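Open the model in your viewer and keep the sequence panel beside it. We will select a few places one after another and look at what is there.

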Amino acid sequence: PIILGIESSCDETSAAISIDGKIHSNIIANQTIHEKFGGVVPELASRAHQQNIIPAVDQAIREAKIHKNEIAAVAFTRGPGLLGSLLVGTSFAKAFALARNIPLIEVNHMQAHILAHFIEDPVPAFPFLCLTVSGGHTQLVLVNGYFEMELLGYTLDDAAGEAFDKTAKILGLPYPGGPLIDRYAQQGNPQAFTFPEPQIPGLNFSFSGLKTAILYFVQQKEREVPGFLQTHLGDICASVQERIVSILLNKLKRAAREVGVQDVAIAGGVSANSGLRNALIALGEQQGWRVFIPRFEYCTDNAAMIAIAGHYKYLARDFVGQDVAPLARYNV
Ligand code: ATP
Ligand code: MG
Ligand code: FE
């Protein structure tokens, strides 16, 4: 079947076409308007989605070289995310399905981040463990089937992506700072400074203490040596990244031991981080895991993952009616 996927949960407007489970187009319109505010402004995001959605869908259909009559179903992100943003994608998908008289498929955004692993071979085997690290979530998920997912651990405060972005803000870098920390870290020494590892029992995470520690560290150093931040930016970024990665991988290691799986994956925007990718590959070799890391374009928000999730729901005839509403909170 040909599935149209729509993503609008945060600040990316995206449309994709899958044909029999393969992606033929994946258009992502990034919203740059939020940069000058240092974070996503919900009202501006909804408005930008309204402007972007029709051109994105048109382009996705054109690039896939199909006709819109051939689309078998439309899949959209129902949540979690910003309600105003979700409403744009949901309303568009409903109208499209109604006008063309085709089924409507709702998709959980966090499940879709994980299902991005089924876009291309090789794919992980069920059951596998996935560490989902994004702008709003940090989750350890046992994936028993396409839509059978068990939440084993989650963050008690900030998400890993937030830890990157808030650190970047403290360091005076523009939003979103995660990719910039990654870049500066490549010129720095990860052992230069040591930031604390929180002692959280079980499989849960915490990142808010780290953020505070970094703030105090930078303020104190700047007082002692004015200009310290500028001259040591690479070392600070590398050291912070080293700590965030070690927090994530220590819990992942523990979870893998507890559930006894062999296939281990990462998903979400932070899985684009080169420090995390390299450390996971090394850990996988040491632990004898098969490691799965998404291609860069499928790490951050995209509609290809929504189309793929839609494809598997289509095969299961898992459709929803026109009365479906978006959900700001939606458990994996
Ligand atoms: P959620 O999926 O939880 O609703 P989201 O959709 O906003 O949140 P994603 O688009 O999946 O999140 O990921 C965005 C996050 O990924 C941002 O916090 C961004 O800084 C972070 N990120 C992207 N690339 C990198 C990188 N190379 N290194 C570190 N962080 C990164
Ligand atoms: Mg985003
Ligand atoms: Fe996301």
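This is a predicted model: local features need pLDDT of at least 70, side-chain atom pairs count only at pLDDT 80 or more; totals for chains, interfaces and linings use all residues.

**Stop 1: helix 1**

Select residues 42-63, which form helix 1. This helix has 22 residues and reaches 30 Å from its first C-alpha to its last, close to the 32 Å expected at 1.5 Å a residue. Now look along the helix for Asn 52: a kink of about 40 degrees lies there, shortly before the proline Pro 55.

Next, colour the buried residues of helix 1, among them Ala 45, His 49, Asn 52, Ile 53 and Val 57. What covers the buried residues of helix 1? Show strand 1 (2-7), strand 2 (12-19), strand 3 (22-30) and helix 2 (83-100), which are included in that cover. Before you leave, click on Lys 65, which follows helix 1 and has a positive phi, near 55 degrees.

**Stop 2: ligand 1**

Centre the view on ligand 1, which is surrounded by 24 residues. The closest are Gly 135, Gly 136, Gly 161, Gly 178 and Gly 269. Show the helices too: helix 3 (109-115), helix 4 (160-170) and helix 5 (178-185) each supply at least two residues of the shell. If you colour the shell by residue type, you will find seven nonpolar, 14 polar and three charged residues.

**Stop 3: two annotated residues**

The unreviewed UniProt entry carries a "binding site" annotation, and the positions it covers include Gly 135, Gly 136, Asp 165, Gly 178 and Asp 182.

Asp 165 lies in helix 4. Is Asp 165 buried or exposed? Asp 165 counts as buried because 25 other C-beta atoms lie within 10 Å. Leaving out residues up to four places away in sequence, Asp 165 touches Tyr 175, Pro 176, Gly 177 and Gly 178.

Move on to Asp 182, in helix 5. Asp 182 is buried too, with 20 other C-beta atoms within 10 Å, and 20 is enough because a residue is buried if 20 or more lie within that distance. With residues up to four places away again left out, Asp 182 touches Gln 241, Asn 273, Ser 274 and Gly 275.

**Stop 4: strand 3**

Finally, select Ile 28 in strand 3. Ile 28 counts as partly exposed because it has 19 C-beta neighbours inside 10 Å. Beyond its neighbours within four places in sequence, Ile 28 is in contact with Glu 12, Ser 14 and Asn 302. To finish, try the distance tool on the C-alpha atoms of Ile 28 and Pro 80: these residues are 52 apart along the chain, and the atoms are separated by 19 Å.

Key: Residues are numbered from 1 along each chain as its sequence is written. Chains are lettered from A and ligands numbered from 1 in the order in which they are written. Helices (H or I, at least four residues) and strands (E, at least two) are DSSP runs, numbered from the N terminus. The expected span of a helix is 1.5 Å times one less than its number of residues. The bend at a residue is the angle between axes fitted to the seven residues ending there and the seven starting there. A residue is buried if 20 or more other C-beta atoms lie within 10 Å of its own, exposed if 12 or fewer, and partly exposed in between; C-beta atoms are placed from the backbone. Two residues are in contact if their C-beta atoms, placed from the backbone, lie within 7 Å. A residue is near a molecule or strand if its C-beta atom, placed from the backbone, lies within 6 Å of it. Ala, Val, Leu, Ile, Met, Phe, Trp, Tyr, Cys and Pro count as nonpolar, Asp, Glu, Lys and Arg as charged, and the others, Gly among them, as polar. UniProt positions are given in the numbering used here, feature names are shortened, and annotations may be inferred rather than shown by experiment.
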